[in-house]
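Hi,

Here is the structure I promised to pass on.

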Amino acid sequence: MSKAVLGIDFGTSTTLVSYRKPGQRPAIIPIGKGEVNTWIPSVVGITDDGKMLIGDEVFAENLPETQLIRSVKTNLFNGDTYKEVTLPNGNTVGVPIEYIVKALIGKAIERAKENEPDLQLDEVLLGCPANWKGPERKRLAEIATEVGVSVQVDSIIDEPIAAGVSWLQSLIESGQELPDGRTLVFDYGGGTLDIAVLEVQRPTAEQEPEITVLAANAQHGAGDKLDSLIAKEIEGQINKSKMERPEELEPLARRVANDLKHELTSKSSSTVAHKGLPSSVSLTREKLNELFEPQLNKAINLAFNTIKASLLSVQNAPTARSIRGMTNEELSTGKTTTRFTTKGIDYVVLAGGMSRIPAVRERLERWFEGKIQSDAALKYLEEPVAKGLVSTDLASGLNVHRPGFDFYVEYEKKDEPLRREVLYEAFTPLYFSSDVHTLAFGHGHRVDLNAPTKRSGWTATITCWTPAGEQIQMVDRDNERVQVQVPLKALGGNVFKIYANGNILIRGKKQEKIRIHRWPQLYGGKAVVLKVERKGWKKWDDPDIFWVG
Ligand SMILES: Nc1ncnc2c1ncn2[C@@H]1O[C@H](COP(=O)(O)OP(=O)(O)OP(=O)(O)O)[C@@H](O)[C@H]1O
Ligand SMILES: [Mg+2]
């Protein structure tokens with residue numbers, strides 16, 4: 001690896017920078033000026049005269065909570081265009097989301113340069129929650145590009161995958177073998193809970209281990225949501241009529257809620273005072289756990305649903321029906337019946353600030369006793385994502401759980417303009433986590449082709465393109481180029497279906513199943529080919545075709 005790479009973990013609450021020089025180990029560059037100097041808080045503030053302060057600057061200047069903008073990553077995901085702030089003079093300013101994200105990423109890079117004067121910015125790598133689709137990824141990459149650095153949307157890696165890679169990287173650095181088996185990554189941040197199931201396999205003892213992401217998913221409702229619940233709970237303890245600026249009640253309650261949440265990690269009860277509040281407020285760990293319970297239940301459900309999805313992503317998987325019926329116990333340890341065997345989870349890797357809450361670990365211990373790990377080389381649970389982003393030796397060889405590229409069908413006919421139709425857009429989930437509970441699970445992503453109405457003379461070819469617009473070749477086992485054409489059927493009924501385990505069904509006058517064994521993680525414009533296994537064309541005569549394995 002000859003290029004230096006810089007990683008930016010733009011989080012809902014914290015932003016971190018990592019760096020890897022050629023020939024050296026990945027490392028975190030501290031960028032904060034607060035008590036903990038590892039990160040900057042992902043917050044900006046607008047001063048009375050309309051100037052933007054970025055990250056820890058807002059606290060250095062003691063800007064009131066009402067003038068702060070937090071959690072802008074959530075707005076980016078929601079597709080919001082701006083956020084409003086009301087200044088003490090009564091003026092309201094609308095700040096574009098793009099502008100805030102750009103400011104935070106720009107500040108992170110500026111601070112990194114201060115600490116690493118010969119910082120090379122050949123390539124910047126970003127992460128994002130596992131449930132972000134193509135448009136959000138593109139928007140983030142475009143904003144980062146505007147800061148003046150080179151970012152490829154193709155290389156944006158799912159955050160829980162990066163966190164898992166960081167753990168593996170640290171094992172290698174400390175001279176340990178990569179552990180064979182399955183790892184559940186549980187990255188509980190400010191905006192999202194991100195889960196991934198990774199598998200390390202060693203085809204033979206001499207070969208490099210292969211890391212495959214079997215499933216990844218995310219859900220909104222993490223640290224910020226818990227802060228809001230606590231804030232609602234404690235608002236009753238605050239006498240609004242005694243406040244100098246009653247309009248500050250809500251943002252101050254949230255701020256204090258966040259402080260209480262942090263303190264209750266190590267204490268059984270806590271009391272916090274804040275400038276602007278007429279009295280201090282208190283909360284017990286017991287009350288916190290009670291407020292947190294429904295959210296924690298949802299978090300554990302997402303973990304088990306992601307494990308269920310991981311079981312579907314292999315060839316010869318059990319049916320969706322049998323997976324759906326599996327208990328948490330069976331999902332964590334693996335299950336063997338006369339009809340199928342599933343592998344259990346061997347390790348659980350914790351990441352993200354919310355994973356510090358004792359109840360999180362306790363609940364996971366219930367199912368994964370003795371299996372809980374975190375990246376021992378890192379000081380803070382906030383760091384693994386950033387470190388994983390620049391652990392490129394591992395991350396660039398990853399197989400991921402769904403294509404990070406588009407599938408098209410191209411219709412061609414002599415003397416006619418080429419027509420293209422999108423069949424699958426990069427990063428579209430191949431199932432919905434809610435499907436785990438329904439019979440739809442396993443059906444994959446289906447598109448009915450919108451083929452030319454007069455078929456004669458038209459050919460229909462399936463092609464594959466990276467988000468950056470490079471064509472990806474499909475090759476067979478002997479590395480011969482493969483062209484997949486659809487023999488178009490006259491009256492509709494031409495179908496493309498893609499499944500979680502790499503199977504693709506193409507149906508026209510005849511049908512063919514092809515299998516793509518690995519979806520490679522695209523990295524820095526690296527050329528990739530897709531290895532395709534063809535099952536051959538069969539006349540199509542089964543209208544109820546449905547297979548999962
Ligand atoms: N000791 C603690 N106890 C409870 N919560 C904590 C503690 N420390 C940090 N947190 C919470 O962790 C969250 C921030 O974690 P982290 O920095 O990993 O998230 P992020 O990466 O910014 O967000 P995301 O990954 O969701 O975009 C915040 O909600 C913060 O309040
Ligand atoms: Mg995070």
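Let me start with a pair of helices: α3 and α4 cross in a right-handed way (a crossing is right-handed if the near helix is turned clockwise from the far one by less than a right angle, and left-handed if anticlockwise). The contact is formed by Glu98, Val101, Lys102 and Ile105 from α3 together with Ile143, Ala144 and Glu146 from α4; two residues are in contact if their C-beta atoms, placed from the backbone, lie within 7 Å. Sorted by class, that contact has four nonpolar, no polar and three charged residues. Here Ala, Val, Leu, Ile, Met, Phe, Trp, Tyr, Cys and Pro count as nonpolar, Asp, Glu, Lys and Arg as charged, and the others, Gly among them, as polar.

Helix α3 covers residues 97-115 and helix α4 residues 134-146, and they pack at about 60 degrees with their axes 9 Å apart. That makes α3 oblique to α4. For the terms: helices (H or I, at least four residues) and strands (E, at least two) are DSSP runs, numbered from the N terminus. Axes are lines fitted to C-alpha atoms, for helices over the stretch in contact, and angles run from 0 to 180 degrees between N-to-C directions. Under 35 degrees counts as roughly parallel, over 145 as roughly antiparallel, 65 to 115 as roughly perpendicular and the rest as oblique.

Before you go further: this is a predicted model, where local features need pLDDT of at least 70 and side-chain atom pairs count only at pLDDT 80 or more, while totals for chains, interfaces and linings use all residues. Residues are numbered from 1 along each chain as its sequence is written, and chains are lettered from A and ligands numbered from 1 in the order in which they are written.

Next, the domains. The assignment gives domain 1 (5-155), domain 2 (157-222 + 289-399) and domain 3 (402-539), with bounds that come from an automatic or database domain assignment. The centres of domain 2 and domain 3, taken over C-alpha atoms, are 29 Å apart. Across that boundary, 17 residues of domain 2 are in contact with 14 of domain 3. On the domain 2 side, α8 (285-312) and α9 (320-324) each supply at least two residues, and α8 gives the largest share, five residues. That side divides into nine nonpolar, six polar and two charged residues.

- Asn289, Phe292, Leu296 and Ile300 of α8 meet Ala359, Val360 and Arg363 of α11.
- Helix α6 (residues 223-235) and α7 have axes that come within 8 Å and cross at roughly 110 degrees, so they are roughly perpendicular to each other. Their contact has nine nonpolar, two polar and four charged residues.

Cheers
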